[in-house]
Amino acid sequence: MEGVQVNRPEVLLAMSHATYRAQFGAAERARLAELAALGEPVQVASLDEPGARERLAGVEVLLTSWGAPRLTADVLAAAPRLRAVIHCAGTVKPVVSDGVWERDLLVTNAVDANAVPVAEFTFAAIVMAGKRAPFLAARARTARDDWSVDGIGDLSNRGRTIGIVGFSRTGRRVVERLAALDVREVLVSDPYADRDEVKAAGARLAGLDEVLTTSDITSLHAPALPSTRHLIGARELALMPDHATLINTARGMVVDTSALEAECRTGRLFAILDVTDPEPLPADSVLYDLPNVMITPHIAGSLGTETRRMTAAALDELELYVRGEAPASPVTRESLETSA
């Protein structure tokens, strides 16, 4: 890579060993070696491992990911030359501490890259919900000689109203993908969203109650914040029309699980849940056995080869840093207050 070989910053990778193996193959390690000065060890899962503290003393950039140790005051004190924390995954909340902001360190994440598979999964879930496929599949397991579709609502993706709660990176991508369907309208509820940006993406900004009341399928994309805890509770679920579907690929705490159990037990609503609260649900949760509920084990986000997309984004950030250019996905203390 032209012009990048000089003044390479010393970089240490801090993440679990399994994450490192998943996210850094031969191509990723080769690109990292072009951009950075790497010592031994290259990667650590704990900053108490042999050699980790010695590396910290000279490190300018930390590349973190899942399983990274928290950057406490003690860790930061051991890293006097640290200038940047580049996260090879989504939220940095488990990693950063107040000391990171007090040191005015550059922090970036790969939330944009992680939003791609979540949006893909959500779009697929919306299509499947429109045809009631997960719920008819559950019915077929017990009623094997009865393939009727009575009492389950309309089996169509045409003319649907789709609600998106949270115009996040993922929510925006879902809205854009919905242009492939012949839906009636896409509604977005988000107190921080810009009306014109929502319109440009192909949706209409509306209040949460309107979204819930009028949408055949409502998909949640709100971040985990104190203000979003149980954003969808008994009152909100009661607003949803009969046979409507709730999809949650965001955070489990956005939904009041007890309220959802009570509502789904009646059979009035359908639910597709990739995240729950708690996660996993207790073994005796009624949601496991209801034919109108589909639960997947938090698989919408980056897994397998999808994690390499986040690695590429992080290495792009490292290259921008080396070149002295502005980061593509900076994170600030303020931005964390309204994002994942």
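This is a predicted model: local features need pLDDT of at least 70, side-chain atom pairs count only at pLDDT 80 or more; totals for chains, interfaces and linings use all residues.
How close do the axes of helix H6 (residues 111-130) and helix H8 (residues 169-177) come, and at roughly what angle do they cross? They come within 8 Å and cross at roughly 45 degrees.

## H6 and H8 up close

The crossing of H6 past H8 is right-handed. On the H6 side, the contact uses Val111, Asp112, Ala115, Val116, Val118, Ala119, Glu120, Thr122, Phe123 and Ile126. H8 brings Arg169, Thr170, Arg173, Val174 and Arg177. Sorted by class, that makes eight nonpolar, two polar and five charged residues.

If you want a spot to look at, find Val11, which stands opposite Val61 in S3.

## The seven-stranded sheet

There's also an open sheet of seven strands, again with parallel pairing, in the order S8-S7-S6-S9-S10-S11-S12. Strand S8 (204-205) and S12 stand at its edges with a single partner strand each, so one side of each has no neighbour in the sheet. Inside the sheet, strand S10 (residues 245-248) and S11 pair in the parallel sense over four bridges. Ile247 has Ile272 in S11 as its bridge partner.

H6 turns up again here: this helix packs on the sheet and touches strand S6 (161-165), strand S9 (217-220), S10 and S11. The direction of H6 makes about 160 degrees with that of S9.

| Helix pair | Angle | Axis distance |
|---|---|---|
| H6 and H8 | roughly 45 degrees | within 8 Å |
| H2 and H13 | about 10 degrees | 10 Å |
| H6 and H13 | about 160 degrees | 8 Å |

Are H6 and H13 roughly parallel or roughly antiparallel? Angles over 145 degrees count as roughly antiparallel, and their angle is about 160 degrees, so H6 and H13 are roughly antiparallel to each other. Their crossing is right-handed. Ala113, Asn114, Val116 and Pro117 of H6 meet Arg309, Met310 and Ala313 of H13 in this contact. Five of those residues are nonpolar, one is polar and one is charged.

For helix H2 (residues 26-35), the angle with H13 is about 10 degrees. Angles under 35 degrees count as roughly parallel, and H2 and H13 are therefore roughly parallel to each other. Glu28, Arg31, Leu32 and Leu35 make the contact from H2. From H13 come Arg308, Thr311, Ala312, Leu315, Asp316, Leu318, Glu319 and Val322. By class, this contact has six nonpolar, one polar and five charged residues.

Most residues other than glycine have a negative phi, and most peptide bonds are trans. A few places in this chain go the other way. Asp277 and Pro278 are joined by a cis peptide bond, with omega about 0 degrees. The peptide bond from Glu279 to Pro280 is cis too, with omega near -5 degrees. Pro278 lies in the loop between strand S11 (270-273) and strand S12 (293-295), and Pro280 is in the loop between S11 and S12 as well.

Arg132 has a phi near 60 degrees, a positive value in a residue that isn't glycine. You'll find Arg132 in the loop between H6 and helix H7 (133-142).

UniProt, in an unreviewed entry, lists residues 51-331 as "domain: D-isomer specific 2-hydroxyacid dehydrogenase catalytic". That span, residues 51-331, is 36% helix and 14% strand, and its end C-alpha atoms lie 29 Å apart. The UniProt annotation "domain: D-isomer specific 2-hydroxyacid dehydrogenase NAD-binding", also from an unreviewed entry, covers residues 138-300. Residues 138-300 are 26% helix and 17% strand, with end C-alpha atoms 20 Å apart.

Conventions. Residues are numbered from 1 along each chain as its sequence is written. Side-chain values use heavy atoms; hydrogens and water are left out. Two strands pair if DSSP finds at least two bridges between them. Helices (H or I, at least four residues) and strands (E, at least two) are DSSP runs, numbered from the N terminus. UniProt positions are given in the numbering used here, feature names are shortened, and annotations may be inferred rather than shown by experiment. Axes are lines fitted to C-alpha atoms, for helices over the stretch in contact, and angles run from 0 to 180 degrees between N-to-C directions. A crossing is left-handed if the near helix is turned anticlockwise from the far one by less than a right angle, and right-handed if clockwise. Contact means heavy atoms within 4.5 Å. Ala, Val, Leu, Ile, Met, Phe, Trp, Tyr, Cys and Pro count as nonpolar, Asp, Glu, Lys and Arg as charged, and the others, Gly among them, as polar. Angles under 35 degrees count as roughly parallel, over 145 as roughly antiparallel, 65 to 115 as roughly perpendicular and the rest as oblique.
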